[in-house]
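Thanks for coming, everyone. Please have a look at the structure on the screen, and I will walk you through a few places in it.

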Amino acid sequence: AEPPAAAPIAQMPAPVRAVTPVAGVTPVTPVTPVTPVTGVDEAIALVLEVLETCRDPFAVERAIDGIARFGAEARSAQATLSPVAKRARQLLERPPAARLRIALAATAAGWATGQRVDAVLARHFPPQASPHRPDIGFNGVFAARNDDVLAVVRAGRAAPMLSLPSDARGTVQPSDLVERLQACGAEGLAPGPNDLALALMRLGAEGRADARARLRPGSEAERAVAYALGAPLRPETTAGPWVAAWAARAPHEPDEDIVRLAGRPLAGAGTPARLSLVVGRESSGPYAWCVPKTEVTPAPHAENALFPSSAFHLPRAHGFHSVNACGETAEDIGWGSLVWPAHMEPFFANAIAAMDTDQKLSDHPCLAFLEPLFRPGTSCGPMAQSMLGYYLASSDRSVTAMAVEAVAALAADGRLAADALAERTWPFLETGTLPLSRWVRAFREIAAVSPDHAAFVRRVMAGLLRFAPDAMPRDLGAMLELLFELQSAGGTGIRDSGARTCLGQVRGSGKAATHARKLLALDAR
């Protein structure tokens, strides 16, 4: 049979355009390379560092790559791994909250003792101790990939880790992946299946044709890479690499061959995931709260856990406060943000499910959901926009402050439109369960950044004036007061017809009615 024509390549978001820096705006991280460690001592030092704090996912990836490159040399040269073994044992005996850190400890122990990660975990965490086992969601992906790395070390070989991000975008550049595959081949090593799958999930868009021309696929794994790079090949027999290759190549296009390998239609595994957000309201007595739920088609199934691209859509056992694939701590979430950097909407959908807007914490884990928006090239689609609108209403000031910074940065470089933010924020505001004053405070902070940001906020707030006459919030006056200030400073009136209709329906003599009349009186030309 003739091979199928090349399917469309999944494109990375457009690079962040160059803009004049705006005072008060947190800058987007430049596209800087991720530099591998260069020797045994540095590899050991970095592993010890991330065992103490694994908040930076790029440092974690460099540490595991250091083991891949220098782990065997450290053991054969009898370099001292005793500090690594000792600290790993301490963490395994007194497990920290971050499952990622537990998986790191198991990896470090496996490096020092020559064991598999899963064997270390089984000894310290039998099934009845499952709350501490890092085998849920992406911590399981992390542990499995690390087992691939340790297998190379146990064989006394050295090769670069396939899935090490190439730069601050979190992607693996195609040329880097081909070079790493060639390095593995030169050592007589087959690519680790989990390492390869994660590398494909991270595959960047630039230079795919050139990389494909340099690749001479001789194995099924290499043909899966070629397929991800656009070669007209048909998926073969091993599900893992082909599902990941589909996720890199054309995740918005259904593929029956990939579905066959996955065993059933799974969202994100040959079947594009369709995400829709439903924002509801629940109440008990005088109390009411907002309940956002992301509906996924196909419906989540336990087998979503088999593939990284579908693990974002694991079934949620406990609804609003359920454990999700990205984890519960900032460390876990931060690493999860590097799983599929070119396709972040499922990650941001998890961010919405994880947020409790009435929760105040000393170090809120949901901050890690916002951090990818400051990386170059991260797209800001509907789920990201909804997340931002929701997070702006958090009672935790650290969350709202970072959400304000994210909105300001995205607006400054053209990745976030005011109309889109208003549209995606409205369902949360409409429930009437969150104080409008939280959004007003956030909008005031964004508007203070620059005149362009003030204009952006004017458009957002005008887009939110969609209240029915019998559903005007009691604290609407503060919002209209800010809007009047910004409109007056900008020398223009309200042009939005829906907003003008809403303003015309505000009755009474209070602050809201007073400023509604003032806004309508402004020249709207």
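Start with threonine 492. It is buried, at 11% relative accessibility. Buried here means under 20% relative accessible area, exposed means over 50%, and partly exposed is in between, with a 1.4 Å probe and protein chains only. Threonine 492 sits in the loop between α22 and α23 (497-504). Helices are DSSP runs of H or I of at least four residues, numbered from the N terminus. Now look across to leucine 519. Threonine 492 and leucine 519 are 27 residues apart in sequence, and their C-alphas are 9.6 Å apart in space.

A word on what you are seeing. This is a predicted model, where local features need pLDDT of at least 70, side-chain atom pairs count only at pLDDT 80 or more, and totals for chains, interfaces and linings use all residues. Residues are numbered from 1 along each chain as its sequence is written, and side-chain values use heavy atoms, with hydrogens and water left out.

Next, alanine 513. This residue lies in helix α24. Is alanine 513 buried or exposed? Buried, at 2% relative accessibility. Contact means heavy atoms within 4.5 Å. Setting aside neighbours within four places in sequence, alanine 513 is in contact with Val506, Arg507 and Gly508. For a sense of distance, take alanine 209. Alanine 513 and alanine 209 are 304 residues apart in sequence and 61 Å apart in space, C-alpha to C-alpha.

On to charges. Side chains of opposite charge can pair when their charged atoms come close. The rule for a salt bridge is a side-chain nitrogen of Lys or Arg within 4 Å of a carboxyl oxygen of Asp or Glu. How many salt bridges does that rule give? The count is 23.

Stay with α24 for one of them. Lysine 511 pairs with glutamate 481, with the closest N and O atoms 3.4 Å apart. That pair links distant parts of the chain: lysine 511 is in helix α24 (residues 511-521), glutamate 481 is in helix α22, and they are 30 residues apart. Both ends are partly exposed: lysine 511 at 43% relative accessibility, glutamate 481 at 25%.

Glutamate 485 and arginine 444 meet in a salt bridge, 3.2 Å from N to O. Glutamate 485 is partly exposed at 36% relative accessible area. Arginine 444 is partly exposed too, at 38%.

Helix α20 also holds arginine 438. Its salt-bridge partner is aspartate 358, with the closest N and O atoms 3.2 Å apart. Aspartate 358 lies in the loop between α15 (345-354) and α16 (367-370) and arginine 438 in helix α20 (residues 436-447), so the pair ties together parts that are 80 residues apart in sequence. The two ends contrast: aspartate 358 is exposed at 54% relative accessibility, whereas arginine 438 is buried at 15%. Elsewhere, Glu52, Arg87 and Arg101 are linked in a network of salt bridges.

Now cysteines. A disulfide is a pair of cysteine sulfur atoms within 2.5 Å. Cysteine 290 is buried, at 6% relative accessible area. For cysteine 326, the nearest cysteine sulfur is also that of cysteine 366, 10 Å away. Cysteine 326 is buried, at 1%.

Last stop, helix α10. Eight of the nine residues of α10 (residues 220-228) are buried, so the helix is largely enclosed by the rest of the structure. The buried residues include Glu220, Glu222 and Tyr227. What covers them includes α7 (174-186), α8, α9 (208-214), α11 and α12 (256-262). Just after α10, glycine 230 takes a positive phi of about 110°.

That is the tour. I am happy to take questions.

Terms used:
Helices (H or I, at least four residues) and strands (E, at least two) are DSSP runs, numbered from the N terminus.
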